[in-house]
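This report is meant for someone meeting the structure for the first time.

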Amino acid sequence: WIPRAVGGRHEGPLLIGSSERLKDLIFLDIALDSTFRTAVERSYEELNDAAPEKIMYFISLVLENLALSTDNIEDILYCLKGWNRAMDMVKQNDDQWALYAKAFLDRTRLALASKGEQYYNMMQPSAEYLGSLLNVEGWAVDIFTEEVIRGGSAATLSALLNRFDPVLRSVAHLGSWQVISPVEVTGYVVVVDKLLSVQNKTYDKPTILVAKSVKGEEEIPDGVVGVITPDMPDVLSHVSVRARNCKVLFATCFDPNTLSELQGHEGKVFSFKTTSADVTYRELSESELMQSSSSNAKGGEAIPSLSLVKKKFLGKYAISAEEFSDEMVGAKSRNIAYLKGKVPSWVGIPTSVAIPFGTFEKVLSDETNKEVAQNIQMLKGRLAQEDFSALGEMRKTVLNLTAPTQLVKELKEKMLSSGMPWPGDESDHRWEQAWMAIKKVWASKWNERAYFSTRKVKLDHDYLSMAVLVQEIVNADYAFVIHTTNPSSGDSSEIYAEVVKGLGETLVGAYPGRAMSFVCKKNGLDSPKVLGYPSKPIGLFIKRSIIFRSDSNGEDLEGYAGAGLYDSVPMDVEDEVVLDYTTDPLITDSGFRNSILSSIARAGHAIEELYGSPQDVEGVVKDGKIYVVQTRPQM
């Protein structure tokens, strides 16, 4: 290992500066990597009975070796720092070490998957090109990049992680399952690669999908009563909320043996039962399925038909929070206005104004937008004929709208009188950025996910109206989502929350990795209990800016989870930052962590008390202060 590190330090400059010894250096590097790998693999037997810190030491060596073998290593180096800290925690007898190490194991796996994808995109096209010229057999071409990766230190690291995962799960009492939506179901097992690839499909008999990939943004297909995956979408991601609303079993399986056993039973009928932390299953005959189908038909059927009330333009292009009403804005805006002055003084509520229902249609009917209106009409015709490629064109067409001068005038007046900065005061370009963000919110009415979701519950898509909630962005240190009744167990005495570093888009959007999660008893708000440390490699940060939030009349319907279907668009692009959790006080300082998590739980509890029902609350933390940006009934 030592020569590799020494070689690695000098190779970079030599490779750039001179080509004379290039081939020698590359062969030396390959030889060192191979020697290193052989040494590690010879030690596997010793690791069978090794103490956890010895396995972690091995992982750190292999990770360091990988860092010497590749470029863009920031994420890998932060993983390495995490493992080194986990080893220190073991030495200090810190009882959180296994939970902490598990988060870095998950993050290291994500880093490996990302590297694998990078190598595949870089090498596979050349392999296919050369393979076709040299008449190489198809199967050999298909696995070319896989075999290259398998021959390097990434594969050694992956094998070590697989060995260590059950150890950590056992020490941290994590079990083999995470139950996201606990429902008892029976159905036919169907194996798919990606949930995304079947989200618009309809299954004609009760189906339990075993999906290798679930990112968090997908819809659950009609006819599906259960989804089992090795992926780890956040418990509060869109697909998780959807599963709970539609009474669909949704669980992560961490045991590869259990998973491959289920995959081997494709086409068979299985019954699944859950507790909040475990899943049991058994094979049934088709006649037993017929008997039980009445008890879980609910999950496989579409949600009962709902209806929307068409909203009219009531003469105002912009309104202040005092003017928010059912006729003008959705529940997102009304809830924020309701909270102001009612929540405890230590909870901040951002200043808000809104562009009310009917404004989009009013702008579309303006003479300056005649051509855009004609194009939209034509595209609606194509949609009626089930030409769904029109959705993307529809979104692009909306972005061509011109703002009527009256809209600009009224929005400026309302923002300034509410104490918000007016983008146009900085420059015309800044107003154009804001106007583009507003149009992107309107255009999200035609997001694929949103469109198919309304079709599924037979909502009249034309009646879907989009108000826009305008808020100043708090440049967050952390963002959180609270469910004031624990969604995994249904325990109403316990708050469940997830926290990420930076803005909340990494929590509610399809960003890889897990958030920090914790529970807190309502009669013990000073004692939050961490369930998992964060493994998300990316955080989003932004300077002082304005965000335009979707606020549709489709988000307020009981029995229909419209939340998260439409876009909220900041005026400025967020900065993506690779996160170093080893320097983050939320992870390293137990006093600070307890204080922040306890404050988050208190804010959730206070809002639930105000409404008298379970709430789904989003907010941020800045300099230790809690801000709530929206709340809605927990579905």
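## The second largest cavity

In this predicted model, the second largest cavity has a volume of about 30 Å³. Its lining is formed by Phe 360, Glu 361, Trp 442, Lys 445, Leu 464, Ser 465 and Met 466. Sorted by class, that lining of the second largest cavity holds 4 nonpolar, 1 polar and 2 charged residues.

## The largest cavity

The residues lining the largest cavity are Tyr 478, Val 499, Val 500, Lys 501, Arg 514, Ala 515, Met 516, Pro 534, Tyr 581, Asp 584, Leu 586 and Ile 587. Two elements, β13 (494-501) and α21 (585-588), are those that give two or more residues to this lining, and β13 provides the largest share of it, with 3 residues.

By class, the lining of the largest cavity is made up of 9 nonpolar and 3 charged residues, with no polar ones.

## Helices α2 and α4

Helix α2, which spans residues 22-42, packs against helix α4, residues 52-69, at an angle of about 165 degrees, and the axes of the two helices lie 12 Å apart. Because angles over 145 degrees count as roughly antiparallel, α2 is roughly antiparallel to α4. The crossing of α2 and α4 is left-handed.

On the side of α2, the residues in this contact are Asp 33, Phe 36 and Val 40, and they meet Phe 58, Leu 61, Val 62, Asn 65 and Ser 69 in α4. Taken by class, the contact of α2 with α4 has 5 nonpolar, 2 polar and 1 charged residues.

## Helices α13 and α22

By class, the contact of α13 with α22 divides into 5 nonpolar residues and 1 polar residue, and no charged residue takes part.

Conventions:
Residues are numbered from 1 along each chain as its sequence is written. This is a predicted model: local features need pLDDT of at least 70, side-chain atom pairs count only at pLDDT 80 or more; totals for chains, interfaces and linings use all residues. Side-chain values use heavy atoms; hydrogens and water are left out. Axes are lines fitted to C-alpha atoms, for helices over the stretch in contact, and angles run from 0 to 180 degrees between N-to-C directions. Helices (H or I, at least four residues) and strands (E, at least two) are DSSP runs, numbered from the N terminus. Angles under 35 degrees count as roughly parallel, over 145 as roughly antiparallel, 65 to 115 as roughly perpendicular and the rest as oblique. A crossing is left-handed if the near helix is turned anticlockwise from the far one by less than a right angle, and right-handed if clockwise. Contact means heavy atoms within 4.5 Å. Ala, Val, Leu, Ile, Met, Phe, Trp, Tyr, Cys and Pro count as nonpolar, Asp, Glu, Lys and Arg as charged, and the others, Gly among them, as polar. On a 1 Å grid over the protein atoms alone, a cavity is a set of points where a 1.4 Å probe fits but cannot get out, and a pocket is an open set with protein on both sides within 12 Å along at least five of seven lines; lining residues have an atom within 4 Å of a point. Grid points are joined across faces, edges and corners, and a volume is the space filled by probe spheres set on the points.
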